[in-house]
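Dear colleague,

Please find below the sequence and structure that I am handing over to you. I would be grateful if you could read the notes after it with the model open.

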Amino acid sequence: MNFADSEVVASILKGEYTLTNDINEANLILVNTCSIRDKAEQRIHKRLKELEALKKRNRHLQVGLLGCMAERMKEELFQTEPVLDFIAGPDAYRSLPQLISDSSHGTTSFNVLLSKEETYEDIMPVRYDANGVSAFVSIMRGCNNFCSYCVVPYTRGRERSRSPKTILGEIEDLLKSNYKEVTLLGQNVNSYLWKEGGEEVTFAKLMTMVAETSPELRVRFATSHPKDLSDELIETIAKHDNICKTIHLPVQSGSDEMLRKMHRVYDRAGYLERVKKIRETIPDCSITTDIIVGFCGETLENHQDTLSIMREVGYDYAYMFKYSEREGTLASKQMKDDIPDEEKTRRLEEVIALQGELSLESNKRDIGKTFKVLIEGTSKRSDDHLFGRNSQNKVVIFPKGNHKVGEYVDVEVKECTAATLIAIRN
Ligand code: SF4
C-alpha cells in the first residue's frame with residue numbers, strides 16, 4: 001500500500017518537483033512510513049537521524065513524514081524529530097503542496113485528518129521505480145475490522161472503495177503503456193463494495209471486469225481477509241485464466257483461543273473450510289499466509305495449534321512475525337503482552353523452520369511441471385538468466401535465450417530451492 005501511496009504522492013507533486021536518485025541533490029525528502037510493528041517505526045527514527053546531517057549541509061532541504069506513523073504520532077513527532085518540517089497522514093496527501101509551502105519559512109505544518117471518502121481515485125499514479133511490467137492499483141482504503149492487535153483502522157480510517165470506472169480507466173492506461181500485470185490493493189481488498197444507482201459491484205465482480213479488459217493482463221490482489229473470501233470470489237478466480245491462482249489468506253494463529261482474542265471473527269474450522277473450498281475449486285492454487293507468534297497469553301498449546309494448521313494447509317509461503325504491541329489498539333489497552341521476547345523469538349524460529357520445509361516441499365512438487373511465466377527482469381545470479389513469476393506467484397529462473405522483459409514464456413521446472421524454481425524453456 002505504501003508503495004502505491006508514494007506513487008500517488010509523486011503524481012500530486014509532479015508539476016513542482018522531479019524525482020532524483022541522488023539524495024544529496026534533493027531539496028525535498030518525503031519519508032513514507034508504516035506503523036504495523038515497532039521495528040518498522042524504529043527504522044524510521046534511525047533514518048530521520050541520518051537525514052539531520054544532510055539537512056545541516058543543505059539549508060534548503062525540507063523533510064516531510066507521511067503515512068501511518070504520521071497519523072499515529074501526529075504533532076508529537078516534531079518534538080522527537082526536529083529534522084521534520086511537515087507531516088501528512090494517509091488521507092492528507094492532496095494538501096502536500098500547501099504543507100510544503102507553509103513550512104518553507106522555518107515553521108512546521110501538519111495535516112492528519114482522516115477522511116470517510118478519500119480514495120485518490122482521480123489521481124493517476126506516477127509509476128516510478130517500476131519494472132514496466134507489474135503495477136499496483138489501489139482499489140479501496142481503510143479497514144473496519146479492528147483486529148485487537150492492529151493499528152491500521154486508527155491510522156488509515158474506515159473502509160471506502162474506489163469507483164470501478166476510475167479503476168478500469170487506470171488499468172486501460174497501464175495496458176496502453178504495455179503493463180502486463182496488475183495487483184489490486186487494499187487493506188482488506190476482498191471487502192471491496194461499490195454501490196451506485198441501485199447496482200452493487202462486489203470484489204468478485206470487479207475482478208471479472210478487470211480480467212476481461214485483456215486476456216494478456218494478469219490480475220492479482222492483496223490482501224484478503226478470510227471472512228470475505230466468498231464462494232463467488234473463489235469461483236471467479238477459477239473461471240478466468242488470467243486471474244492468478246494464488247490467494248494470500250492471513251491466518252495469524254491456528255488456535256481458536258488466540259483467534260478470539262485477536263478479534264479475527266473466524267475460527268480454525270471456518271478457516272480450514274475456506275481452504276477446502278479453494279482446494280476443491282482451484283486445485284493448482286497456491287495459498288500463502290501471515291502468522292503472529294507470541295500474542296498475549298499464547299500458551300505452548302496455542303503455539304502448537306499454529307504449527308499444526310501450517311502443516312494442515314501446507315502453505316506455499318508465509319510472512320511470520322513476533323507480536324509487537326501497538327499503542328492505542330484494543331490489545332494494548334485490555335491484554336497483557338506477557339510472552340517474554342526470548343520465547344517469542346524461539347517460537348518464531350520454530351515457525352520459520354517449519355515454513356522453510358513446507359515451501360521446499362511445495363516447490364519440489366512443481367519439478368517436472370510446465371508454467372507460463374511473466375518475465376520481470378534479469379536474474380541476480382547470472383546475466384544469462386531471466387526471472388519471472390508463475391500464476392502461483394513463485395519466482396522462476398530460466399536461461400535467457402531471445403526472451404525479453406514483459407514477455408510470457410512457458411518453462412519446465414527442473415530443480416528448486418525453498419524460495420525459487422529453476423527451469424528450462426520449453
Ligand atoms: S483486517 Fe485486521 S489486521 Fe488487517 S488491516 Fe484490518 S484490522 Fe489490521
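The notes below go through the domains, the nonpolar cores, the ligand shell and some backbone features.

This is a predicted model, in which local features need pLDDT of at least 70 and side-chain atom pairs count only at pLDDT 80 or more, while totals for chains, interfaces and linings use all residues. Residues are numbered from 1 along each chain as its sequence is written.

Domains. The chain is divided into domain 1 (2-111), domain 2 (134-364) and domain 3 (370-425); these bounds come from an automatic or database domain assignment. The C-alpha centres of domain 2 and domain 3 are 26 Å apart. Their contact takes 15 residues from domain 2 and 11 residues from domain 3, two residues being in contact if their C-beta atoms, placed from the backbone, lie within 7 Å. On the side of domain 2 that touches domain 3, helix H14 (residues 341-364) gives the most, with five residues. Helices (H or I, at least four residues) and strands (E, at least two) are DSSP runs, numbered from the N terminus. By class, that side of domain 2 has two nonpolar, seven polar and six charged residues. Here Ala, Val, Leu, Ile, Met, Phe, Trp, Tyr, Cys and Pro count as nonpolar, Asp, Glu, Lys and Arg as charged, and the others, Gly among them, as polar.

Cores. A nonpolar core is a set of buried Ala, Val, Leu, Ile, Met, Phe, Trp, Tyr and Cys residues joined through C-beta atoms within 7 Å. A residue is buried if 20 or more other C-beta atoms, placed from the backbone, lie within 10 Å of its own, exposed if 12 or fewer, and partly exposed in between. The largest core has 77 residues, of which Ala88, Val137, Ile139, Val182 and Leu184 touch the most other members. This core lies between domain 1 and domain 2, because both give residues to it. A second, separate core of 13 residues includes Phe371, Ile375, Leu386 and Phe398.

Ligand shell. By class, the shell around the ligand has six nonpolar, four polar and no charged residues. Among them are Cys143, Cys147, Cys150 and His225; a residue is near the ligand if its C-beta atom, placed from the backbone, lies within 6 Å of it.

Backbone. A cis peptide bond, with omega about -5°, joins Ala222 and Thr223. Tyr120 has a positive phi, near 55°, and counts as buried, with 22 C-beta neighbours inside 10 Å.

Yours sincerely
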